[in-house]
Amino acid sequence: MTESLADFLSRTPQDDGVYQLSAPRPFQHDEAQYELNRPAARKTTEFHREQGANLFALFRRHGLPPNAPILEIGCGSGAMSTSLATQPGAGHLLFTDPSPAFCRITQGNLEQHGSFDARVDFGILRAEDVDILPPGSVHLIFLRSVLHHILDVDDFLLRCSRVLPPGGLLVCEEPYYEGYMMMGFLGQFIADALASAGDQCTPEELHHIDYFIATMQYYARRDLDKSEAEDKHLFQPDQLFVSGRAVGLDLSHYPNWHVTVSEEKNLANRIGYFQKFFDSYLRNCMHWPPDLVDRVAVATGKYFRFFDPLESPDNTVPYCFGTFVFTKRR
Ligand SMILES: C[S@@+](CC[C@H](N)C(=O)[O-])C[C@H]1O[C@@H](n2cnc3c(N)ncnc32)[C@H](O)[C@@H]1O
């Protein structure tokens, strides 16, 4: 007989309203600063309702039953948690992170959006300990931008498979290998493209470019010990198919598809998407000066035209990020 999530939590120790499922571990950056950069709290309740409806549309398409218990791993400052909690028909929700500071920030952010129909709990949990939960006790395990932080992904998939019931789901949004590798490859031509337009880079700009190339190559390398690194993996769907199948999880994937966004918006975003992704990555993730990003967009624009005739709603290349849905085999 399956022990319910509620029964399991009733015998789990709490500290300040947070269930202690793993040893706590702070995030590698300051949590309050992370929250300032990604202001989950400053989004309106209406925004979270819409985002939550998009999330649930995907979950339901893959068979999530009404009122099914859901575990979120790596909730961070609660950008997804708040959206999940707003949804009618959400079951028991357990939002977790290894960082107590993140759990507190998420608790605070949820409170700002009023009360919810669903039962909401918080826990300190490392993904590596997920199978501390009883078998069959949650129907969906959800992670956004967390799988690439987990060192042993195959072991994590095995542990999730133990926790999910037949038909249960593991859903995540993560970076793909191919797109990041291609961004690094393209990065090598930026200085020459600018120079051929008569635009010489300053030493500082050359440093930005070299650091970007080295970062993309580091992410793509698999010969290094990344146990102490924050970002450990880029994903290739063919490998995740094999890893999932070995532990009874069948994979569907949605390349270049945000789990938070409606189908119409995802399809519309695909037009000219690789250059847009590249531009936004340099601006928002590598924090390049806006003027340099703008000049690079002009100097490299002609190379991205290669992708124009390849693009259609069914074919969006290269795969840069996307949504993975694993279903536990029945
Ligand atoms: C990039 S943030 C994403 C936060 C949130 N999911 C979102 O979409 O805004 C990564 C989160 O994963 C958590 N994390 C990192 N390693 C983890 C692990 N091994 N197990 C569980 N969570 C982890 C971090 O504490 C952090 O909250």
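Before we look at any contacts, here is what I'll mean by the word: two residues are in contact if their C-beta atoms, placed from the backbone, lie within 7 Å. And please keep in mind that this is a predicted model.

With that in hand, let's start with a helix pair, α12 and α13. On the α12 side we have Phe274, Gln275, Asp279, Leu282 and Arg283, and they meet Pro290, Val293, Val296, Ala297, Gly301 and Phe304 of α13. Sorted by class, that contact comes out as seven nonpolar, two polar and two charged residues.

How do these helices lie against each other? Helix α12 covers residues 273-285 and helix α13 covers residues 290-304. They pack at an angle of about 155 degrees, and their axes are 10 Å apart. Angles over 145 degrees count as roughly antiparallel, so that is what we call α12 and α13. The handedness of their crossing is right-handed.

Now for another pair, α7 and α9. Helix α7 is residues 177-187, helix α9 is residues 203-220, and here the angle is about 150 degrees with the axes 8 Å apart. That makes α7 roughly antiparallel to α9 as well. Which way does α7 pass α9, left-handed or right-handed? This crossing is left-handed.

If you want to find the spot on the screen, α7 brings Tyr177, Tyr180, Met181, Met183, Gly184 and Gly187 to the contact. From α9 come Ile209, Phe212, Ile213, Met216, Gln217, Tyr219 and Ala220. By class, we get ten nonpolar residues, three polar ones and no charged ones.

Where the two touch, domain 1 gives eight residues and domain 2 gives seven. On the domain 1 side, that's three nonpolar, five polar and no charged residues.

Last stop, the ligand. Which residues come nearest to the ligand? Out of 20 residues around it, those are Gly74, Gly76, Ala127, Arg144 and His149. The whole shell around the ligand has ten nonpolar, five polar and five charged residues.

That's my tour, and I'm happy to take questions.

Terms used: Residues are numbered from 1 along each chain as its sequence is written. This is a predicted model: local features need pLDDT of at least 70, side-chain atom pairs count only at pLDDT 80 or more; totals for chains, interfaces and linings use all residues. Axes are lines fitted to C-alpha atoms, for helices over the stretch in contact, and angles run from 0 to 180 degrees between N-to-C directions. Helices (H or I, at least four residues) and strands (E, at least two) are DSSP runs, numbered from the N terminus. Angles under 35 degrees count as roughly parallel, over 145 as roughly antiparallel, 65 to 115 as roughly perpendicular and the rest as oblique. A crossing is left-handed if the near helix is turned anticlockwise from the far one by less than a right angle, and right-handed if clockwise. Ala, Val, Leu, Ile, Met, Phe, Trp, Tyr, Cys and Pro count as nonpolar, Asp, Glu, Lys and Arg as charged, and the others, Gly among them, as polar. A residue is near a molecule or strand if its C-beta atom, placed from the backbone, lies within 6 Å of it.
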